[in-house]
Amino acid sequence: MSRLDRSTAEALDAADELARFRDRFVIADPDLVYLDGNSLGRPSRAALERLRQVAEDEWAVGLVRSWEEWIGWPTQVGDRVGAAVLGAGPGQVVVSDSTSVNLYKLAAAALELRPGRSVMVCLDDEFPTDRYLLQGLAAARGGEVRVVGVDPSEGLQPDQLVDALDERVAVVLLSLVSYRSGALLDLERITRLVHDAGAVALWDLSHAVGSVPIGLDAAGVDLAAGCTYKHLNGGPGSPAFLYVRRDLLDRARPPIWGWWGHRDPFAMGPDHEPAPGIERFLVGTAPIPSLALVDEGVALVAEAGIEAVRAKSRALTSWFVELADARLAPLGFVLASPRDPDRRGGHVSLRHDEAWAVTRALVERARVVPDFRTPDRIRFGVSALSTTFTEVWDAVDRLVGVVERGEHRAVDASGRRVT
Ligand SMILES: *Cc1c(COP(=O)(O)O)cnc(C)c1O
């Protein structure tokens, strides 16, 4: 018997304190190995029940009267997200709009917080929407985007950031966990470097939230936003969160002045008066069914505890890397994520010359769902509350089979709209 046998995975599952959470999710097909919860998390049973309740009881029965309750949800759910997974005290988080829209709102506010500075810094390997948003802002307001080139497997090194900072930089937008490699940055240290240069630190927490512990207040972060449909399991298109540090709230001005950001929306007054608190960053009517789903997703992570989630997530990705070294490296797969688990979030990427065809073969013929990221990476995400060590073993074993049998040469590897 060897350490790399399936029985080791079974023993790891037997000893796993979070194993009991798997039953809390809807696992429609137990044979499907789902390693894409970092792109779209699974639904929990509680979430579906809550959705039914919102639709049948609150919407169908309560009708418009239910808004009396619902109107408070963007901030109430925001506070719960803040407490459970962001390390943020109350009154600094709302859940609304998409991550893209929220990043735009925050980057625009950041520019105004640094009058006389107009450079916005981001990475060449950043999730594209982040870069596009800054480009759009620069085009609209006459600023400039400074793009830092980084190694797409190892992520940003602090020295590279220091070299890009000067007295013209207004804001630095970075992902805590890189969407491609999973590289995890040091939130406190990087935020300090940005502050030392006099700039605003704006963090995209999309791949980090619900997977790694985050201490926004402790790190002195200025602004942050991120997705709730990834590790928080809020469902497709669920609204994103947005954080503004308390002492910036009266100065940070959102670029979109909607009625939900007004001091008193139902006064229906002639002119915009921003709400005094974080509500000023709301824009329009909240997506109530989705907000309820976010609430349930966060509640489950809170119940498990983010430290326990991180410990298991780390163990799962380490198990994947151990198996990949032994069984996939000989087949041409190269680790495209930091090897040190302290520098890695909740997913691992592998590079392969035929990555796209291999991804298609895994999905179509081996019942394993990872995702593909250009140009040559397959991304494997683990969800600590539902992924098992045995699933990780099965994914690697099925991947070996697919490549050994040459099944990736037999699939239709033409383009798709979604990869
Ligand atoms: C998933 C992701 C997004 C997605 O933004 P949406 O507005 O929800 O489409 C943005 N940034 C990063 C880093 C992401 O990983």
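**Basis.** I worked from a predicted model, in which local features need pLDDT of at least 70 and side-chain atom pairs count only at pLDDT 80 or more, while totals for chains, interfaces and linings use all residues. Residues are numbered from 1 along each chain as its sequence is written, and side-chain values use heavy atoms, with hydrogens and water left out.

**Conventions.** I took helices (H or I, at least four residues) and strands (E, at least two) as DSSP runs numbered from the N terminus. Axes are lines fitted to C-alpha atoms, for helices over the stretch in contact, and angles run from 0 to 180 degrees between N-to-C directions.

**Entry 1, α4 and α10.** I looked up helix α4 (residues 73–86) against helix α10 (residues 288–304) and found an angle of about 20°, with the axes 10 Å apart. The two helices are therefore roughly parallel (angles under 35 degrees count as roughly parallel, over 145 as roughly antiparallel, 65 to 115 as roughly perpendicular and the rest as oblique). Their crossing is left-handed (the near helix is turned anticlockwise from the far one by less than a right angle; clockwise would be right-handed). In contact (heavy atoms within 4.5 Å), α4 contributes W73, P74, V77, R80, V81, A84 and V85, and α10 contributes I288, L291, A292, V294, D295, V298, V301 and A302. By class I noted 13 nonpolar, no polar and 2 charged residues (Ala, Val, Leu, Ile, Met, Phe, Trp, Tyr, Cys and Pro count as nonpolar, Asp, Glu, Lys and Arg as charged, and the others, Gly among them, as polar).

For helix α11 (residues 306–328) and helix α13 (residues 389–404), I found axes that come within 10 Å and cross at roughly 25°. That makes the pair roughly parallel. The crossing is right-handed. On the α11 side I listed K312, A315, L316, W319, F320, L323, R327 and L328, which meet F389, V392, W393, V396, D397, L399 and V400 of α13. This contact holds 12 nonpolar, no polar and 3 charged residues.

Helix α5 (residues 99–113) and helix α6 (residues 128–141) have axes that come within 10 Å and cross at roughly 45°. That makes α5 oblique to α6. I recorded a right-handed crossing here. The contact residues of α5 include S100, L103 and Y104, and those of α6 include T129, D130 and L133. By class there are 8 nonpolar, 2 polar and 3 charged residues.

I counted 13 residues around the ligand, the closest being S100, D204, H207, Y229 and K230 (a residue is near if one of its heavy atoms lies within 4 Å). I then looked up polar contacts (pairs of N or O atoms within 3.5 Å). The side chain of K230 places an N or O atom 2.6 Å from a ligand oxygen. An N or O atom in the side chain of D130 is 3.2 Å from a ligand nitrogen. For T99, a backbone N or O atom lies 3.5 Å from a ligand oxygen.

I found a cis peptide bond between T374 and P375, with omega about -5°. P375 sits in the loop between β12 (371–373) and β13 (377–381). D97, not a glycine, has a positive phi of about 55°, and D97 belongs to the loop between β2 (93–95) and α5.

Methods: A polar contact is a pair of N or O atoms within 3.5 Å; within protein, one must be able to donate a hydrogen and the other to accept it, and residues adjacent in sequence count only if both atoms are side-chain atoms.
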